[in-house]
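Welcome! Please take a moment with the sequence and the 3D view below before reading on.

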Amino acid sequence: MAARRCLGLWFFLITLCVVSTGADVLHTTPVTGTESSAAGTETVVARELPEAPSDPGEHTAAEPTREGEQNDRTRGGEQTLGQPTREEEQEQEKTREGEQTPAQPTREEEEEEEEQEQTRGEEEFTREEEEEELTREEEELTTEEEELTREEEEQTREEEELTTEEEELTTEEEELTREEEEQTREEEEEQQTTAQQEEQTKRWEATELEEEHVHDAAVPPLAGDPPAADPPSPPPSKDDFQEELVIRPLHSGDIYASFQFRTVWDADFMGDQKVSHYRLFPKSLGQVITKFSVRELHISFTQGYWRTMQWGQPYLPSPPGAELWVWFQDTVTDVDGTWKELTNVLSGIFCASLNFIDSTNTVQPSASFKPLGIGNVTDHSFLRYATLPREIVCTENLTPWKKLLPCGSKAGLSVLLKSEKLFHSTFHSQAVHVRPVCQDPQCRTTSMELRQTLNVVFDLHTSGQGKREWSLFKMFSRTLTEACPLASSSKVYVDVTDNPQGEQFELSPATPLLTQAVVLGDRRTYSVYDLTQQASFGSSRSLNMLLRWKAADGYIHYQPSKDRERPHLLEMLLQLPPNSVTEVTVEFERALLKWTEYTPDPNHGFYVGSSVISALVPSVVAMDTNSTLDRPLFSSFFPCKEEASYFMRVYTEPLLVNLPTPDFSMPYNVICLTCTVVAVGYGSLYNLLTRTFQVDEPSPGLAKRIANVIRRFRGVPLL
């Protein structure tokens, strides 16, 4: 308000200055009588106005000059005829000033103007504040809209992801339905083929009976005429693939797993017609069989030794190392040359050292190895047999073996063939068997069968748990999720012969399918899991069979050793009957130590610590377990909680083991010989390089020295 009042005062002063300058623009003054008489005319004197000051505060009202005062005096005293009076001039000047100067505002008007200006400023300020608030609200609205758009975009993305997941689920369901439809179709086709085969067999039997009747009626058929009822032509050649897994708990607590993969191809490899189209049968083996005229081929790679006394008989036995025996066709002329070429080719296929098989390790059995396929009566000159006991089985042999399977290691039972678990076992054996078999019971046509087997024994005590409990994931680190799509049959068998009522162990998930089979002269009972049926996998879509023993005879805890870190630890909880002998044996392998780890007397051997036997022995006399203060000190060291038994601990004597010992005298001899050679050679060379040679002249005689003294005094050169 004060600033606005100052501005109003300034404006008022400026207007006053303008009025004062505009009033004194032009004045006419009368001339005295003497001057007029002398000049004879009226003179008009124009007065110059002073310039307006630059500062409006210094601008004041116009004051009359001295000439003006004199003129006023003359006008007042001497008024000439025809001139206006002073009052008239003042009125005229006032009228002129009124016309020239505007009307000056009053104080009330100034206050009103100030109030109007104040209201205008306030209105402008309020407008600015309102505009700022509007802009802020607009910005907030824009940010909220952006957040809403972002949330909508995220929702749309989530909806898209959900739709993609739903589409994937639908595709998986469609694939499952397709697989089920294919399986049903295959089953229907198999049923149709079996029905057709049964009808064909019935027709064949009927035709045989008719031929017999005709032969009895003594009506021989003509040589050129076909038979009256010729059986229908066989169906076109096809191949079939089956896979099985047999799991058998052993009496020793180990687990025996046997994989069986069977591929049958209705193709004649022994004929003159060459086979060019392969579907399930591996082409590499088919070409080998065709080129080298192989009738039967049996090859195995085994790591470990099968312990028959503890594990029983295996389904397919094989020796440690590599074994190869082959039956050639009777069309082969040079059997030894073909055998040598075949071993080289198989060595490349299975990544093994079969190329080391030659005449020095090849035999020709005459009674041991009969053909396992068609044609048991064969000339043994076409048989060759060889073994490599030192052949080491590793992943390089397992990988090409799995590639021979139709599904490889991608689906079916082959997904369990993980090398890290298979080779970390007590026994491992893989084999390939190729032989001709009959297509039908009458054996009118033949097929070629490829049987791939893999047997493995897992020792569960090496895990350190000490429990007889196992599962597929514990053995193979994987579970079963599906069957091989190319397999007509995919099943898992669990031997439950020794567990008829579930008394020894519990198998989960339980299956209602049971089957019996005669194996090695014994009738066995098996629980069957059919992988082609979706019900076998359950809701989790995976099969992980678990076997848990209900009652254990004892407790076994085994902790394997680590080289130079910890020793072996074996703990067993046994209940020994009276008057019995219990023998515990541990197998070990001798190894070479570092030369710094041997004792000063290594030939004496190395001691193994005593074994500890802790037992509760039945007591003949009942003991008091409450009071221990009255008893002697030597009888109250071990606490006793039972009156009918007492605790005792027995230590066995240490075991002295002789390990392979190197010849420690040889390093001493080598050191002595080396030091001697270095000393002699280096010393001689050093003497030759650093020694200096000088010639010493003999000293002169006494006479010569006296003569030299005399010649020195005389100044004559010495002698």
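## Before we start

This is a predicted model, where local features need pLDDT of at least 70 and side-chain atom pairs count only at pLDDT 80 or more, while totals for chains, interfaces and linings use all residues. Residues are numbered from 1 along each chain as its sequence is written, and side-chain values use heavy atoms, with hydrogens and water left out.

Helices (H or I, at least four residues) and strands (E, at least two) are DSSP runs, numbered from the N terminus. Buried means under 20% relative accessible area, exposed means over 50%, and partly exposed is in between (1.4 Å probe, protein chains only).

Eleven strands form an open sheet of mixed pairing, in the order 5-6-4-3-7-8-2-1-10-13-12. Its edge strands are strand 5 and strand 12 (514–519), each of which pairs on one side only. Two strands count as paired if DSSP finds at least two bridges between them. Strands of a sheet pair through backbone hydrogen bonds, either parallel or antiparallel.

Both directions can be found around strand 1 (residues 239–249). Strand 1 runs antiparallel to strand 2 (residues 255–265), with eleven bridges joining them; here Val246 has Ser258 of strand 2 as its bridge partner. Strand 1 runs parallel to strand 10, through six bridges, and Glu243 is partnered with Ser490 of strand 10. Strand 10 (residues 489–495) is largely enclosed by the rest of the structure, because six of its seven residues are buried. Five bridges pair strand 10 with strand 13 (residues 522–530) in the antiparallel sense, and Tyr493 stands opposite Val528 of strand 13.

## Salt bridges across the strands

How many salt bridges does the structure hold? There are nine, a salt bridge being a side-chain nitrogen of Lys or Arg within 4 Å of a carboxyl oxygen of Asp or Glu. One of them joins Arg262 and Glu449, at 2.5 Å from N to O. Arg262 lies in strand 2 and Glu449 in strand 8, so this pair ties together parts that are 187 residues apart in sequence. Arg262 is partly exposed, at 26% relative accessibility, whereas Glu449 is buried, at 2%.

Another salt bridge links Asp495 and Arg524, at 2.8 Å from N to O. Because Asp495 lies in strand 10 and Arg524 in strand 13, the pair ties together parts that are 29 residues apart in sequence. Asp495 is buried at 4% relative accessibility, and Arg524 is buried at 16%. Arg524 also forms a salt bridge with Asp522, their closest N and O atoms being 3.1 Å apart. Asp522 is partly exposed, with 36% relative accessibility. Elsewhere, salt bridges that share partners join Arg262, Arg435, Glu449 and Arg451 into one network.

## Helix 9 and a buried lysine

Next comes a helix. The buried residues of helix 9 (residues 395–403) are Asn397, Leu398, Pro400, Trp401 and Lys402. Their cover includes strand 2, helix 8, helix 10 (419–422), strand 7 (427–438) and strand 8 (446–458).

Leaving aside neighbours within four places in sequence, Lys402 is in contact (heavy atoms within 4.5 Å) with Gly408, Ser409 and Leu417.

Is Leu354 buried or exposed? Leu354 is buried, with a relative accessible area of 1%, and is found in the loop between helix 8 (335–350) and strand 5 (362–363). Beyond its neighbours within four places in sequence, Leu354 is in contact with residues including Ile299, Phe301, Ala322 and Leu388. Leu354 and Leu324 are 30 residues apart in sequence and 8.6 Å apart in space, C-alpha to C-alpha.

Strand 11 (residues 505–508) has Phe505 and Leu507 on a covered face, and Glu506 and Ser508 on an uncovered one. Strand 11 runs antiparallel to strand 14 (residues 546–549), joined by four bridges, with Leu507 opposite Leu547.
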